[in-house]
Each structure stands twice: as C-alpha cells, then as structure tokens.
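New notebook page, new structure. I'll jot down what I look up as I go.

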Amino acid sequence: MNKPHRGTIFVEDAPILSHTAHAGDQHVLRVKAPQCAAHARAGCFAHLQCDPQLPMRRPLSIMRVDAHEGWVEFLYKALGQGTQLLSRRQVGEKINLMGPIGKPFTLPHGDRPRALLLGGGVGIPPMVFLADAMRKDPVSEPFVIMGSEVPFPFKASPSRILVPGMPEGVIAAMPLLEDWGVPSRLTSLAGFPGCHEGYVTDLARHWLDALSPEQRRQVQVYACGPHAMLEACAALAREYHLPCQVSLEEYMACAVGGCAGCVVKVQTDQGSSMKRVCVDGPVFEAKSVFG
C-alpha cells in the first residue's frame, strides 16, 4: 500500500517538450518539470499558468510522468479562455507550473488486488497514471475502461488481451496500455468502431457479472470523470459491495487550500464536513461523497 502523500509543492519554469493537438479540441502537453515528476503520484494534479497575459492558473490532472527524464504530461480539452491560450503555446516556451498537488489514489493491498479503473472524458488522464503505477506494483491487477463522446486522443487498436465478460465486438483498446500489458476497453455513445455502445458503468457491469463471487470480492473501483459519472460509479460499487475511490473535478482558484473555493460536503466519522478538493482531495472515498 502506498503511504499518504503530503509532499512539498514545487514551482518550476517548465519548458514545453511537445504539444500535440487531437480531435475534439484535445491536446497532449509534455513539459520538463523534474521536481514535479519526481514527487507526483497517481491522482495528483498541477496548477499551470496558461499564458503570461492570464495570471489565474488552471488545474490539470497529471497523465504521465518520467522521474528519470524529468517530464510531466497532461491531456486537456481547450474549453475556456485559459486552456485555449494554453493550446497555442509552442515547443521551447516555458510554462510556470506548481505541483504536484493533492491527495493521490491508494493502490490495492491485502485481499483486493483486482482494480477496476473507470475514466470518462477529462477523467482519463488520472486513470492512465494510475494504470502505470499499478503495472509496476506486484499486488495490483488493473483493468481500465475509458469512455468518451468525442474521438479519443489516440488511435484505438484491437486488444490482444482477453477480458472476461466483454460483449462481442468490444475490442477497442488504448495502444499505450496494450504496450504496458494492461487490459483496457473503450466505451462511447458516438458509435466509434470496436467500442461498447454505452457508459463505462455499463461495461463494468458486464465484467463484474462475469467474475465468480470470490473474484468479485477481490475487486476495488477507481474512478475519475464528470460528476454524474462518478455518482453512477459510486452506485455501482455500492450495489456490488466494493470499495471505491473517486477523483473529483472542481473549479479552483488558488489550488493550495487558501481560498476554499473548491469545497465539497464529505461524510466523516464525526458527521458532515466541508473539505477542499485541492488539498484534502482530489481523491476521496466514494461513500463519503455520494453516500
């Protein structure tokens, strides 16, 4: 089990190493940020100054890191002013970055080695980071389901890894995860080839129902995505009596706990409490947020 993460937040002027555009106004940004790369854990995020003319930063979930080479990678969608300005930044320019920030996911341990990772839209990056951490962990057995209503920011490939319970024709997978030996499947309502037509929770149910009762008792769920998706993931975990960790997405101003602009109501042993998503999260136990 990984230890709770309460590390230092570093501030770095990070040169852009690569910046690629994909369908649906999606972008993959890689920057040189050695201190953030060395200390980031799956579930953490960074606070980026998107452009010198826009002082207010934007929080972006970390998708991948390489501590040896010192780079950090993000997947984001250019929606508002900040991320649109960020999308115009070029290789060689520097971006001021604060990170890593936040409480990360806790890896599987004990009698629940099977990990069901559910990522929807902007919730995909933390699941990639988490899958990377789990493939290096001797205990974890991850299975990743990703959902998107816009084209995925990668060219899906037919999976070579058999997964129990998959409906006929559901073979689309993320090539990077395939290369890592991590099984994955994709879902969408947009009719993409090889994808399951439905939500991530629909395909998760197929997988869970294909497991034996003993195998299901070894499962825990990890999820990141829009609020409605997280609610559905929490309900699925509750139905199958599975522990579930969720990473919340909230608008943030300072991202270091000072402004309290990202608070959510969380149930604790002492009753309900308001917690800051940036530093008390973004990862919470699903039952504490969704009941």
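This is a predicted model: local features need pLDDT of at least 70, side-chain atom pairs count only at pLDDT 80 or more; totals for chains, interfaces and linings use all residues.

Strand β1 covers residues 10–22, and strand β2 covers residues 26–32. I found the two running antiparallel, joined by six bridges. They form a hairpin with three residues between the strands, and there G24 takes a positive phi near 75°.

Which other strand does β1 pair with? I looked it up, and it is β6, residues 94–101. This pairing is antiparallel too, over six bridges. In it, F10 stands opposite G99 in β6.

Then I zoomed out. I get eight helices and 17 strands for the protein. The radius of gyration is 18 Å, close to the 19 Å that the globule rule gives for 291 residues, so the protein is as compact as a globular protein of that length. I also boxed the C-alpha atoms along the principal axes, and they fill roughly 55 × 50 × 35 Å.

How much of the protein is buried? I noted 53% of the 291 residues. For contacts with a separation of 6 or more, I wrote down that 66% are between residues 24 or more positions apart.

Last, the surface and the charges. The protein exposes about 13,200 Å², and carbon and sulfur atoms supply 52% of that area. I counted 28 positive and 27 negative charges, and their mean positions lie 4 Å apart.

Methods:
Residues are numbered from 1 along each chain as its sequence is written. Side-chain values use heavy atoms; hydrogens and water are left out. Helices (H or I, at least four residues) and strands (E, at least two) are DSSP runs, numbered from the N terminus. The radius of gyration is taken over C-alpha atoms; the globule rule is 2.2 Å times the number of residues to the power 0.38. Buried means under 20% relative accessible area, exposed over 50%, partly exposed in between (1.4 Å probe, protein chains only). Contact means heavy atoms within 4.5 Å. Accessible areas come from the Shrake-Rupley method with a 1.4 Å probe; for residues, only the protein chains shown count as cover. Lys and Arg count as positive and Asp and Glu as negative; His and the chain ends are not counted. The place of a charge is taken as NZ of Lys, CZ of Arg, CG of Asp or CD of Glu. Two strands pair if DSSP finds at least two bridges between them.
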